[in-house]
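Me: I'm new to this one. Could you walk me through reading a few of its features?

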Amino acid sequence: MEPLGLTERALTARLKEAGVVEPGAVLRRLVATGLVQSSRGVWVLTPSGHEALREAHAALTQAQDPSPSSEGMEACPSVPWLTQVQTHWVEALSLNYAVDPALLARLLPAPLEPEVFHGTAWVQVLMSSLRDMRPKGLSSLLGVCFYQVSYRAAVRYRNARGAWRRGGYFVRSETSDPVMRGVGNALKEFKFHEFGEARMVMAREGDLLTVGVDPEPAFPGGKLVGVFDTEPRTQPPEGSVWSDLDSLHEPLVECYDALGVADGFVYVLTIDREPWNARFASPVQLYCEYLQEGPLASGARLDSVLHLTECAYRWRPLRRERYAR
């Protein structure tokens, strides 16, 4: 409803636009239940109507929530502006590696354990160009533009009530911006690894996208150099375990929670974002030091590469819950 109400003609038109076949009958039922009333020629919500509208909105929001809160989960924004930020992925790559579950398990704090799909665990190397990151409510002119690479493992845990929850755990991350590195490391509850710093580049020539990551000496083991043909493809490369984009969507793409563990809690940082609309890309050249020579190198295999552009991101307030012991 409009704050000042609507005339019956305007309200009827709105209802018809919404697909209501008999708007007059609907309006009579709303009056009979005390949800709307006519005042000085316009229809307005009653106090009960406002309450019903809020409840309906909350129910719709919860029904569409990809990461609903568990019973007993609590908000814990000790420094709220650090997690309530927004940004835009200008361009991003997801290098999808199949890895040995036993090796990945060694890198995870309890109670996290690897999620296994097609017999293996999974780590995505996510490299992205981010635009105008800033606390919600600030102008984009005050935002920060930078590059970031994160090594996100698909994991799950059982909470104190015995329910499973899935998410991503970053076994390694770097950024090109020292200020953003400081911000990332300032949130002590979510500081489950040292957020590193690196010189980075993403450069495009036609369909070819060249990326490079050269970590500072204090963060060895994360060199990344690649050239990718980003001409969009809907079919996976030969040798991939995924039959198509849809089959990997839920396991690797629909992963909205980043997880951290500290002091008997699992901390959950949820991302609201637009659809990835990713397509398969083809690596022309690739060297990923962490997956080829690091702790997961034994048996690690590049399965596929996804490429996406223009995707808005927004972080929710940090939450936490006890986990099963």
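Reply: Happy to. Strands are DSSP runs of E, at least two residues, numbered from the N terminus. Two of them pair if DSSP finds at least two bridges between them. One caution: this is a predicted model, where local features need pLDDT of at least 70, side-chain atom pairs count only at pLDDT 80 or more, and totals for chains, interfaces and linings use all residues. Residues are numbered from 1 along each chain as its sequence is written, and side-chain values use heavy atoms, leaving out hydrogens and water.

Me: How many bridges join β12 to β13?

Reply: Six, and the strands run antiparallel; β13 covers residues 265-273. Leu-259, for one, has Val-268 as its bridge partner in β13. The two strands make a hairpin with two residues between them, and Asp-263 in the turn has a positive phi of about 55°.

Me: Why is β12 described as largely enclosed?

Reply: Buried means under 20% relative accessible area, using a 1.4 Å probe and protein chains only. Six of the six residues of β12 (257-262) are buried, so the rest of the structure largely encloses this strand. Asp-257, Leu-259 and Val-261 cover one side, with Ala-258, Gly-260 and Ala-262 on the other.

Me: Is Ser-150 buried or exposed?

Reply: Buried, because its relative accessibility is 5%. Ser-150 lies in strand β7. A polar contact (a pair of N or O atoms within 3.5 Å, one able to donate a hydrogen and the other to accept it; residues adjacent in sequence count only if both atoms are side-chain atoms) of 3.3 Å joins its side chain to that of Ser-173.

How values were computed: Buried means under 20% relative accessible area, exposed over 50%, partly exposed in between (1.4 Å probe, protein chains only). Helices (H or I, at least four residues) and strands (E, at least two) are DSSP runs, numbered from the N terminus.
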